[in-house]
Amino acid sequence: PGPQLPFDSSKKTLVVLGSGWGATSLLKTLDTTEYNVPEELLPLHTLAPERRRRHAEPRSIIQPTRYITRHKTRSVAVIEAEASDVDPVNKTITFQDTSEIKGSVSSTTIPFDYLVYAVGAEVQTFNIPGVQQNACFMKELHDAERMQRQFMDCIESAAFPGQDPQEVERLLHMVVVGGGPTGIELSGELHDFLEACSRSHDDLKAWYPEMAGKVRITLVEALPSVLPTFSKQLINYTESTFKESKIDILTKTMVKEVKENSVVLQMPDKSIKEVPCGMVVWAAGNKGRKLTQDLMAKLPETQKNRRGIEVDDFLRMKGSDSIFALGDCTATSYAPTAQVASQQGAYLARVLHQMAKRDNLTEKLLELESVAPAVVGEEEKKKVVEELENAKNQLAKVKLRPFHYSHQGSLAYIGSEKAIADLPFMNGNFASGGVATYLFWRSAYLSTLFSLRNRTLVATDWLKVKLFGRDVSRD
Ligand code: NAD
């Protein structure tokens, strides 16, 4: 990229908090000539679905924010830190450096004129005992790394010479909790990983020939069925694909406790059963972040919704004229999905552009109105009146349109190179499952990733998987 415009004190400062789908989509569309933009990354909270894919390298996904900002007209300051306080009245954000290596300053407060609040959500544990301590999560990048480490530890301990056969069985039993899209995709990916590993040329089989075929996956869901938002036909398709993949689905079964070496289940008949396992992966849903609750508590008159931040039709946080909120941290009629957040991000970038245009015209109008009375000479007077009319007409044309969500359908990967899709097709619904859908899912996924470089990296990660298998080593 060419040289970028520097900080301009005459422009408003726009802070973007978050680096997930919503914030990234906003940044991609935003015209930075209009604003100064410090973008604050919540560390490791981005693009969870793709990061979950164990075989996409972290670098492929971390890249977008910094890569996108390098191509903006005005330089964007990217700060990797965790926000600890948002003050909607004094319009400031305080944030901390939470990385392991710190300089002498590790906390600071910056002002904003506008804030785009897009911090997403965090894992919901329902305060179920042992979840925080003993389960793996699948939200942030370090979660995926932890899961990979734990998985390999299980395999290695199971392969330990003279290991007790019952212990081998326990260590090789992986339990996924939650039958929503996250739990389903995760089980499918876990199965794929094992499949690839048990092919004769692959690492795991070569290293642990005894272990590869013995790994079991169980998916536990409290409701009567998995994927409640998908059609019955697609639920059946998913269930039969899982059956073929030897993934056990336990529905109407609730996890009551996660212990170090087991998971405690309440079975459909309400009996309690303790099931030994080597690893529990928690995908039981999300809840609002503490930062969001604290921010809402500062606007108690207008922010009362327990599901999240209430926004108006223009994504403005109710009760504030300077904060916009989007994505999973908001309480709207839309599902908390990447698709909604991406559309909101792009929409907000357009709104901010319109607002800058409106502010510039208003400023120009005020200036013209103040100089008009002092203008002498017929020609000059006529010119100022014309300019005034012009600015008024242009200002009247600046219209902020409310956000409108266009649903492109739901897609989920279910393993074995199969995906399911609920697509709004013509007037009815088009439901599809299978390998062709998977190819569509993959291309749809790639087209929503944000930069060509990023797209290429993710694609080559997949290619590397195809050519060389996955890297299962921990080094
Ligand atoms: P979710 O809330 O959709 O599903 C969590 C599931 O866990 C629920 O079905 C719940 O009944 C179950 N559960 C909760 N506690 C339990 C317990 N103690 N024992 C057993 N089961 C329990 O969460 P998600 O799957 O993470 O999805 C979150 C959002 O992200 C959704 O809106 C989803 O559509 C979206 N998403 C979409 C995709 C996709 O479209 N491909 C992928 C991932 C996530």
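## About the model

This is a predicted model, where local features need pLDDT of at least 70, side-chain atom pairs count only at pLDDT 80 or more, and totals for chains, interfaces and linings use all residues. Residues are numbered from 1 along each chain as its sequence is written.

## The chain as a whole

The chain's secondary structure comes to 14 helices and 21 strands. Both are DSSP runs numbered from the N terminus, with helices being H or I of at least four residues and strands being E of at least two. Of the 475 residues in the chain, 36% are buried. A residue is buried if 20 or more other C-beta atoms, placed from the backbone, lie within 10 Å of its own, exposed if 12 or fewer do, and partly exposed in between.

Five of them form an open sheet with parallel pairing, in the order 9-16-10-11-12; two strands pair if DSSP finds at least two bridges between them. Strand 9 (136-137) and strand 12 stand at the edges with a single partner strand each, so one side of each has no neighbour in the sheet.

Strand 11 (residues 216-220) runs parallel to strand 12, and four bridges join the two. In general, strands of a sheet pair through backbone hydrogen bonds.

## Around the ligand

The ligand is surrounded by 26 residues, and the closest are Gly178, Gly180, Pro181, Thr182 and Gly285. Here, a residue is near a molecule if its C-beta atom, placed from the backbone, lies within 6 Å of it. Helix 7 gives the largest share of this shell, four residues. Helix 7 (181-198), strand 13 (254-258) and strand 19 (410-415) each supply at least two residues.

Domain 1 (12-122 + 287-355) and domain 2 (131-284 + 407-468) both contribute to the shell, so the ligand lies between them. The domain bounds come from an automatic or database domain assignment.

## Two lysines to look at

Most residues other than glycine have a negative phi. Lysine 246, however, has a positive phi of about 60°. Lysine 246 sits in the loop between helix 9 (232-244) and strand 12 (247-250), and counts as exposed because it has 11 C-beta neighbours inside 10 Å.

Lysine 270 also has a positive phi, of about 75°. Its place is the loop between strand 14 (262-266) and strand 15 (272-276). With 8 C-beta neighbours inside 10 Å, lysine 270 counts as exposed.
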